[in-house]
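Hello,

Here is the model we discussed handing over. Please have it open as you read; my notes follow.

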Amino acid sequence: MAIETVLETESLQKRYLLGNVPVDALCGVDLAVSKGEFLTVLGPSGSGKSTLLNMLAALDTPTSGTVRIAGTDVSTLSDSQRSLLRRKIGIVFQFFNLIGRLDARENVELPLSISNTPRLERKKKAEELLELVGLNDRMHHRPNELSGGERQRVALARALAPNPQYLLMDEPTGNIDSKTAKELMDLVETLNKEREVTIVMVTHDRSLAKYARRTLHLLDGKIVKEVSK
Amino acid sequence: MFIYDILRYGVSAIGRRKVRKGLAILGVTIGIAAIVSLVSLSYGFRELVNTQFEQGFSSDTLIVTTETLSFVDTESDFQLYVNDTEVINNIDNVTLSAAVLQRTCALEIGGREYILGVFGIDFELYSALFPNTFVATSGSVPSSPDNVSVIIGARVNDPWKNGSALASIGDDVNITYTTRSEGMIENRTYIGRIDALLDEIGGTNLGGPIDVGVYIPLTTAQEFFDTDEVGTIMVQLSSSDESVIEDTSEAIEAAFGGQIQVVTPKAILDSISSILSTIELFVAAITAISLIVAGVGIMNIMLTSIMERTREIGILKALGMEARTVLAVFLNEALLIGVIGSILGIVTGAALAISIDQLGLLSSFTTGTYNTILGDITIRPVFEGSVFVSSLVFGVAISATFGLYPAWRAARAEPVEALRHE
């Protein structure tokens with residue numbers, strides 16, 4: 001059976017200007033993620049892993065090389081088309097990035113509201129997802145009334161709301177305690193196994209690598225090692 | 001994103017920074033309230049002037065006067081006399097003319113004293129000139145009055161407009177005229193008899209009867225004031241045709257060697273109208289400036305808001321919101337400020353105009369005009385739907401204009417950089 005590649009990069013380079021000094025965040029990354037895979041990109045801070053994730057999320061454009069999301073070269077897309085593409089991607093950030101004045105359910109509903117899902121439908125969906133992440137009694141709490149772990153679970157529910165083909169996670173356990181982190185990762189693992197959600201996670205935490213079937217080690221913008229289970 | 005969702009999102013954002021957004025709304029409210037109240041009052045003033053003129057004047061009436069309306073020309077010492085009406089009556093198209101001999105006198109009526117204008121007129125001619133306003137509500141205008149006959153305006157008898165009457169028909173009225181005779185101050189007094197009480201006229205009435213006027217026969221006035229000189233002669237023409245008015249005016253001026261002025265009602269109305277237009281324009285300009293200031297306030301607050309919410313913009317974009325939707329979201333917030341501010345401003349402005357009227361804040365102005373050619377007037381605000389609608393449109397347009405740039409800045413933010421923002 002042919003393995004379907006959903007995310008792909010070729011000779012991916014990204015150069016930033018820090019003031020006047022050019023910084024190479026990514027120096028030729030070749031990567032392919034298959035459908036249903038759970039991939040971890042491990043690397044110390046400054047290795048370029050967040051930049052890589054932003055590329056895969058169509059949030060950033062490469063200096064050279066290509067990023068293909070579901071077979072589409074991102075650099076050929078207009079700003080508006082990239083926005084539409086992002087609606088198919090679930091993303092979980094290290095700092096949760098929830099909207100403070102909206103409660104948990106409204107935060108989960110937000111991507112559905114952006115993609116014009118009717119109100120009742122998105123409300124039902126948000127409630128289902130909050131139940132899935134174990135927050136059914138926290139639906140009307142605002143982010144500042146939730147613990148770090150709870151916030152990250154809201155963020156996960158939000159990322160899952162548009163039924164994404166893949167889920168990108170940037171240091172998802174970076175701001176939560178280890179016990180809550182384990183619960184979250186167990187949940188993510190279940191999602192990957194039972195719902196066959198493709199997952200790409202970037203982290204500096206080696207202990208999280210055990211959840212993934214394949215781990216890439218990133219250093220100074222290059223993939224230096226690949227480990228598969 | 002559905003428009004409903006954009007609106008809801010905007011409402012939640014405005015609710016977040018209540019004080020700051022409240023101040024932006026207040027800015028718009030003040031501007032719109034100023035527009036609505038001032039424009040309503042100036043419309044009221046215009047309407048007042050128009051109705052007063054329509055009531056008191058027929059367009060076929062001319063005023064012949066020695067008084068110059070210009071501040072620049074040196075005053076002529078040319079005088080008009082009572083029998084100059086004979087000269088005027090011989091001019092083509094003149095149907096009748098009436099001399100008005102006016103002096104300021106002290107009046108004692110029903111135990112109250114006034115200083116008022118006393119007008120010496122020919123009752124019959126004056127009735128013919130002003131058939132709608134020189135009308136008795138009680139008593140009657142005598143066709144052949146005796147020396148003591150007096151006709152008083154409605155406000156003279158009922159100064160508080162509450163239906164109380166100081167005197168009734170047949171009562172005496174003391175008229176005292178203070179003048180100088182051979183250098184000495186001399187008070188002349190005679191006792192008149194009220195023959196008629198005029199119906200309420202309502203004010204402005206150049207040359208015509210007014211509510212605060214006291215009318216005595218011309219012959220009595222000539223004798224009492226000891227003069228044949230008159231300030232004005234009212235002239236009625238056979239036609240209100242513009243060319244007739246113009247030709248006759250010229251003929252009258254020529255008959256007096258160009259030393260007198262012939263004033264047409266239209267000319268007065270036109271000049272007052274043009275003054276009013278200038279005032280209205282000025283008022284509108286000032287209030288428009290205040291709204292532009294409010295617009296700058298909105299822009300400032302929206303820019304601050306967008307700076308603070310850079311991360312939120314990044315999140316929205318990361319979740320797949322298109323640039324134009326981001327623009328719509330932030331423009332909508334500015335528009336909400338404009339709409340709320342405008343509606344509050346319209347309500348406040350209307351309330352302000354009504355309370356200025358109700359509390360009599362303009363009464364010092366109107367009492368100031370009590371004994372002038374304007375007579376007793378009250379300015380009531382006139383509310384026109386078009387003022388409300390255009391205020392709303394203007395308020396919203398200002399907020400949209402000033403909200404556009406901040407919204408555009410938000411829309412073009414790069415998601416990665418916006419998300420990195422602390």
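In this predicted model, A:Val41 stands opposite A:Leu216 in S9(A). Strands are DSSP runs (E, at least two residues), helices likewise (H or I, at least four), numbered from the N terminus. S3 (38-42) and S9 (214-219) of chain A run parallel, paired over 4 bridges. Pairing requires at least two DSSP bridges between two strands.

Both belong to an open, mixed sheet of 6 strands in chain A, ordered S6-S7-S8-S3-S9-S10. S6 (89-92) and S10 (222-228) of chain A are the edge strands with a single partner each, so one side of each has no neighbour in the sheet. The twist averages 15° from one strand to the next.

Helix H6 (178-194) of chain A packs on this sheet, touching S3, S7 (166-170) and S8 (198-203) of chain A. Contact means heavy atoms within 4.5 Å. The direction of H6 makes about 135° with that of S3(A). Axes are lines fitted to C-alpha atoms, for helices over the stretch in contact; angles run from 0 to 180 degrees between N-to-C directions.

Conventions: residues count from 1 along each chain as its sequence is written, and chains are lettered from A and ligands numbered from 1 in the order written. Local features need pLDDT of at least 70 and side-chain atom pairs 80 or more, while totals for chains, interfaces and linings use all residues; side-chain values use heavy atoms, without hydrogens and water.

Best wishes
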